[in-house]
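Trainee: Hi! Could we go through this structure together?
Mentor: Happy to, let's have a look.
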Amino acid sequence: MAERTTLIAGNWKMNASGEMAVTLIDGLVAWPGKDGVEMLVCPPFPYLGPVGALISESDIKLGAQTCHANASGAHTGDVAAEMLADLGCSYVIVGHSERRADHGETDADVCAKAEAALRAGLTAIVCVGETEAERDAGKTLDIVGSQVANSVPEGATAENLVVAYEPVWAIGTGRTPTSDEVQEVHAAIRAGLASRFGDATANGVRLLYGGSMKPSNAQELLALADVDGGLIGGASLKAEDFTAIADAAP
Ligand code: PGA
């Protein structure tokens, strides 16, 4: 199997202040690091510059939470992937379920944003995941499979694509699927990528689990064969919890 570097990604969502960012990053830069583990923080847009400066002497990577599909133009309030790259980002999350729900982002929109990320030299973290009703109806693999098929752009490679599986009902709820359920979905995502991009690419793409990942469940989730890291919301806001998750990587 391909060696995949574990990615521990913090999605701060709309949570930050100047003071909070300094305290949190102070705690993260003090983390000694771990072989084979890459740490990423994704603060809100206004904090990208300051957080980028705070982590500049460390190995911690910087990412954003969304981007616009276009490189520039009359799109008030939007931010281009090129601007994120210019600010020192190496990753951008696209298609988070909160963006899909709050901003009506479709798979086609997400695909265009992921394409923009690739165009700008960023790695796109494409998010997918079923709702509780979809899981109860036994449609999880269909829904996730079609989201991956339609949200991942043609130019994806093992280097510029990460897929995050985040069951909508597990986000911020304290509930998670069982390990078997997570592994089943991740294996299906990898198989879908393999049928489109070939085994070598599919085996190199990192697949993150997201949704109520915390220090107490991280070890079990991160040990799963097709789980290559986590996309962490709530528990990424406390340095102690976020670094404990990173330390739980196998
Ligand atoms: P959570 O959020 O860890 O707070 O459940 C994860 C996410 O939405 O990325």
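Trainee: How much space lies in the largest pocket?
Mentor: About 320 Å³. Keep in mind that this is a predicted model.
Trainee: Thanks! Which residues sit closest to the centre of that pocket?
Mentor: K13, M14, Q65, E98 and R99 are the closest, out of 14 lining residues.
Trainee: And which helix gives the largest share of the lining?
Mentor: Helix α4, residues 97-102, which contributes 3 residues.
Trainee: How does the lining divide by class?
Mentor: The largest pocket is lined by 5 nonpolar, 5 polar and 4 charged residues.
Trainee: What about the second largest pocket, how much space is there?
Mentor: About 250 Å³. Its lining has 19 residues, and G172, S212, G233, G234 and A235 are the closest to the centre. By class, that lining has 7 nonpolar, 9 polar and 3 charged residues.
Trainee: Switching to the fold: how many strands are in the barrel?
Mentor: The closed barrel has 8 strands, in the order β1-β2-β3-β4-β5-β6-β7-β8, and the pairing is parallel. On average, neighbouring strands are turned by 25° against each other, ignoring direction.
Trainee: Can we zoom in on β3 and β4? How many bridges join them?
Mentor: There are 2 bridges between β3 (residues 61-64) and β4 (residues 91-94). In β4, Y91 stands opposite G63.
Trainee: Which strands does helix α5 touch?
Mentor: Helix α5 (residues 107-119) packs on the sheet and touches β4 and β5 (123-128). The direction of α5 makes about 160° with that of β5.

How values were computed:
Residues numbered from 1 in each chain as written. Predicted model: local features only at pLDDT ≥ 70, side-chain atom pairs only at ≥ 80, totals over all residues. Heavy atoms only, no water. Pairing = 2+ DSSP bridges. Helix = DSSP H or I, 4+ residues; strand = E, 2+ residues; numbered from the N terminus. Axes fitted to C-alpha atoms, helices over the stretch in contact; angles between N-to-C directions. Contact = heavy atoms within 4.5 Å. 1 Å grid on protein atoms, 1.4 Å probe; cavity = no way out; pocket = protein on both sides within 12 Å on 5 of 7 lines; lining within 4 Å. Points joined across faces, edges and corners; volume = space filled by probe spheres on them. Nonpolar A, V, L, I, M, F, W, Y, C, P; charged D, E, K, R; others polar.
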